[in-house]
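Let's take a friendly walk through a protein model. Have a look at the sequence and the 3D view before reading on.

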Amino acid sequence: MQTSPVLAVVRDLFFVARIRETARLAAVPLAVARTVEEAVAALAAAPRFALLDLTAGFDYERIFQAAAAANLPVVAFTTHALARETQPWHGRCERVVTKEALTQELPALLMGGVSA
């Protein structure tokens, strides 16, 4: 079992609950950040990777800079409706998936990591 948590940078409480429950069932440690400040601090603590909501209106530049400084991969998710709007950030992510795809892939992603 992995000892470093996965960091979920998510504001949507419903989605946070879904991610937490999936992580619990998969026995994967999870940290959640709901603000940019929490995300930057958590990224400095070296999680396995960051799971980032591109639809939440964060200061993404700060989050990506902190992830790059910590040399950590970012898996981001968006919606079909916001895919164009979030496009400028896609190139800075290891993977970008829709919320629907993330829901299906979340157990494997949490257990296997970015390459899942």
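## A lysine over a ring

Lys 99 sits over the face of Phe 15, at 5.2 Å from the ring centre. Keep in mind as you explore that this is a predicted model. You can find Lys 99 in helix H5, which covers residues 99–112.

Is Lys 99 buried or exposed? Its relative accessibility is 17%, and Lys 99 counts as buried because buried means under 20%. Leaving aside neighbours within four places in sequence, Lys 99 is in contact with Asp 12, Phe 15, Asp 53, Thr 55, Phe 77, Thr 78 and Thr 79.

## Helix H2 and its buried side

Now turn to helix H2, residues 36–44. Which of its residues are buried? They are Val 36, Ala 39, Ala 42 and Leu 43. These residues cover an arc of only 130 degrees around the axis, so they lie on the same side of H2.

What do the buried residues of H2 pack against? Their partners are strand S1 (6–9), strand S2 (30–33), strand S3 (50–53) and helix H3 (60–69). Just after H2, look for Ala 46, which takes a positive phi of about 60 degrees.

## How H2 meets H3

The axes of H2 and H3 come within 9 Å and cross at roughly 5 degrees. H2 is therefore roughly parallel to H3. On the H2 side, the contact is made by Val 36, Glu 37, Ala 39, Val 40 and Leu 43. On the H3 side, Arg 62, Ile 63, Ala 66 and Ala 67 take part.

## A cluster of aromatic rings

How many aromatic pairs does a search of the whole structure find? It finds 4. One of them joins Phe 58 and Tyr 60, with 6.0 Å centre to centre and 90 degrees between the planes, an edge-to-face arrangement. Phe 58 is buried, with a relative accessible area of 6%, and Tyr 60 is buried, also with a value of 6%.

Phe 64 and Trp 89 also pair up: their ring centres are 5.6 Å apart and their planes are at 15 degrees, so this pair is stacked. The pair links distant parts of the chain, since Phe 64 is in helix H3 and Trp 89 is in helix H4 (residues 83–90), 25 residues apart. Phe 64 is buried, with a relative accessible area of 3%, whereas Trp 89 counts as partly exposed at 21%. Together, Phe 58, Tyr 60, Phe 64 and Trp 89 form one aromatic cluster.

## Leu 52 and its neighbours

Leu 52 has its place in strand S3. With a relative accessible area of 0%, Leu 52 is buried. Not counting residues up to four places away in sequence, Leu 52 touches Val 9, Phe 58, Tyr 60, Ile 63, Phe 64, Val 74, Val 75, Ala 76 and Phe 77.

How far apart are the C-alpha atoms of Leu 52 and Ala 31? They are separated by 12 Å, and the two residues are 21 residues apart along the chain.

## A stop in a loop

Finally, find Thr 35 in the loop between S2 and H2. Thr 35 counts as partly exposed, at 31% relative accessibility. From Thr 35 to Val 96 there are 20 Å in space, C-alpha to C-alpha, and the two are 61 residues apart in sequence.

Terms used: Residues numbered from 1 in each chain as written. Predicted model: local features only at pLDDT ≥ 70, side-chain atom pairs only at ≥ 80, totals over all residues. Heavy atoms only, no water. Buried < 20%, exposed > 50% of the residue type's maximum accessible area, 1.4 Å probe, protein only. Helix = DSSP H or I, 4+ residues; strand = E, 2+ residues; numbered from the N terminus. Arc of directions from axis to C-beta. Contact = heavy atoms within 4.5 Å. Phe/Tyr/Trp six-rings, centres within 6.5 Å; stacked < 30°, edge-to-face > 60°. Lys NZ or Arg CZ within 6 Å of the ring centre and 35° of its normal. Axes fitted to C-alpha atoms, helices over the stretch in contact; angles between N-to-C directions. Parallel < 35°, antiparallel > 145°, perpendicular 65-115°, else oblique.
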